[in-house]
Amino acid sequence: MADFNPSLNEDQLTIQKWVHDFAEDVMRPAAEEWDEKEEFPWPVVEEAAQIGLYGWEFLANAMFNDPTGLTMPVAIEEMFWGDAGLGMAIMGSGLAAAGIASSGSQEQVMEWVPQCYGSPEKVQLGAFAASEPDAGSDVGGYRTSAKYDQATDEWVLNGTKAWITNGGIADIHVVIAVVDPELRSKGHASFIVPPGTKGLSMGQKYKKHGIRASHTAEVVLDDVRVPGRCLLGGKEKLDERLARVRRGEKGNSQAAMQTFEATRPTVGAQAIGVARAAYEYSLEYAKQREAFGRKIIMNQSIAFMLADMATEIEASRLLIWRAAWLGKQKGFVNAEGSMAKLKAGRVATHVTERAIQILGGYGYTREYPVERWHRDAKIHDIFEGTEQIQQLVISRAISGLRIE
Ligand SMILES: Cc1cc2nc3c(=O)[nH]c(=O)nc-3n(C[C@H](O)[C@H](O)[C@H](O)COP(=O)(O)OP(=O)(O)OC[C@H]3O[C@@H](n4cnc5c(N)ncnc54)[C@H](O)[C@@H]3O)c2cc1C
């Protein structure tokens, strides 16, 4: 195992600057408009596609050609420093791509992942649909069913998915469905719903607190028929896995834990991108704003707040980078990916709230960006595993006990 080295190489510094420039020049000026509109920001995503920032090649390069694991969190932090709603619009298809890569065969990855992105001339989207109206954290409670029709070699999907990023507007939907209800979360499988498939429609589009440029909606599946080859991993592997579970044989939970833990540092990186934006802005503001005849930063109460904000961001980044590096080494021991995500979400929510405090009344208005950053930060305590679910995962890892 290579040593953990929290310094960036030349390539990473170049990527960091490239993403930062896009965030500063394109995302920042557009952020307020798309937050107000609450619509999918096609022009921004198209511009990201033009420079290669939106596309599966970027994702593949950043993920697979980087033995340190740091490239992805570094790029994502810069993007979310630009804007979290626009950042999510650019990164949302990655959830579908990751879902395909984690369960699909090599041929399936080659066929479907590029279709989650399309081309700079024709941008496409992917969506990863797992959560349901009555089951978000409780994945064993999913009800969307997938039944095999042997006569036609098709799978028939029925159910409703909730809170789906790019739901209903995506070209490729990756849907988690129940193939054996008795096996609870072990009886699930992942399916591709190709573009234009009959029976898939968008339900309600949610009006959100933050990341409003990112599209979040229900996905309704009404007798959706997909060909057998759309089952990720294939039927033979699914049948073998289900048979093993029914015999009571233990799955490879260590491998599953490594996979889940590996995606969490990137969500943490999103959170600290938002936190850093708010911290930098409030630091500058505190150096300019005067009250009682002096700059407000000259009061320890303000300066110490900023000192704490800076410290928390640095601490989070180190946790994230270390977790991202552990992910590459398959070296998670104590759910360090969950620790990084838990900490970064809390830090982003806290730091953005403190930024409002530092700006006082102005911070509470929509004329200044800190209130938007505070709204955007909160999602990081909720999606991709809530704060409490991260605590559950960590407490089980450190204790070896099945904490409920
Ligand atoms: C903007 C947005 C985008 C999203 N994008 C996607 C997406 O693309 N694809 C997708 O599949 N999902 C997506 N989600 C869904 C998201 O992952 C879920 O909202 C999240 O997992 C929480 O599920 P829930 O909302 O049902 O809350 P619940 O599971 O009902 O939780 C409610 C509260 O109870 C707590 N709780 C639940 N169980 C326990 C427990 N055992 N112990 C302690 N506390 C517990 C939770 O921490 C939380 O505080 C998105 C959500 C949002 C808001």
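This is a predicted model: local features need pLDDT of at least 70, side-chain atom pairs count only at pLDDT 80 or more; totals for chains, interfaces and linings use all residues.
Helices α1 (10-37) and α3 (56-64) each supply at least two residues of the lining of the second largest pocket. The space inside the second largest pocket amounts to about 200 Å³. Thirteen residues line this pocket, and those closest to its centre are Asp11, Ile15, Asn61, Asn65 and Thr71. Sorted by class, the lining comprises six polar, four nonpolar and three charged residues.

Threonine 71 belongs to helix α4, which spans residues 71-82. Is threonine 71 buried or exposed? Its relative accessibility is 6%, and threonine 71 therefore counts as buried. The side chain of threonine 71 also takes part in a polar contact of 3.2 Å with the side chain of glutamine 12.

Across the whole structure, a search finds three cavities of 30 Å³ or more. The largest cavity holds about 70 Å³ of space. Its lining is made up of Leu53, Tyr54, Gly55, Phe58, Leu59, Met72, Ile90, Met91, Gly94 and Tyr117. Which helix gives the largest share of the lining of the largest cavity? That share, three residues, comes from α5. As for the classes, eight residues of the cavity lining are nonpolar and two are polar, while none is charged.

The ligand is the next subject. It is surrounded by 18 residues, of which Ser131, Ser137, Trp163, Thr386 and Gln388 are the closest. Strand β3 (residues 154-165) provides the largest share of this shell, with three residues. By class, the shell consists of nine nonpolar, seven polar and two charged residues.

Where the backbone is concerned, a polar atom of alanine 130 is 2.9 Å from a ligand oxygen, and a backbone N or O atom of glycine 136 lies 3.2 Å from an oxygen atom of the ligand. The side chain of serine 137 has an N or O atom at 2.6 Å from an oxygen atom of the ligand. On its own, the ligand has 980 Å² of accessible area, and the protein covers 67% of that area.

Helix α11 (residues 370-377) is mostly covered, with seven of its eight residues buried. The buried residues of α11 are Val370, Glu371, Arg372, Trp373, Arg375, Asp376 and Ala377. Helix α9 (residues 300-329) contains glycine 327. Why does glycine 327 count as buried? Its relative accessibility is 16%, and the limit for a buried residue is under 20%. In sequence, glycine 327 and isoleucine 394 are 67 residues apart, and their C-alpha atoms are 16 Å apart in space.

Methods
Residues are numbered from 1 along each chain as its sequence is written. Side-chain values use heavy atoms; hydrogens and water are left out. On a 1 Å grid over the protein atoms alone, a cavity is a set of points where a 1.4 Å probe fits but cannot get out, and a pocket is an open set with protein on both sides within 12 Å along at least five of seven lines; lining residues have an atom within 4 Å of a point. Grid points are joined across faces, edges and corners, and a volume is the space filled by probe spheres set on the points. Helices (H or I, at least four residues) and strands (E, at least two) are DSSP runs, numbered from the N terminus. Ala, Val, Leu, Ile, Met, Phe, Trp, Tyr, Cys and Pro count as nonpolar, Asp, Glu, Lys and Arg as charged, and the others, Gly among them, as polar. A residue is near a molecule or strand if one of its heavy atoms lies within 4 Å of it. A polar contact is a pair of N or O atoms within 3.5 Å; within protein, one must be able to donate a hydrogen and the other to accept it, and residues adjacent in sequence count only if both atoms are side-chain atoms. Accessible areas come from the Shrake-Rupley method with a 1.4 Å probe; for residues, only the protein chains shown count as cover. Buried means under 20% relative accessible area, exposed over 50%, partly exposed in between (1.4 Å probe, protein chains only).
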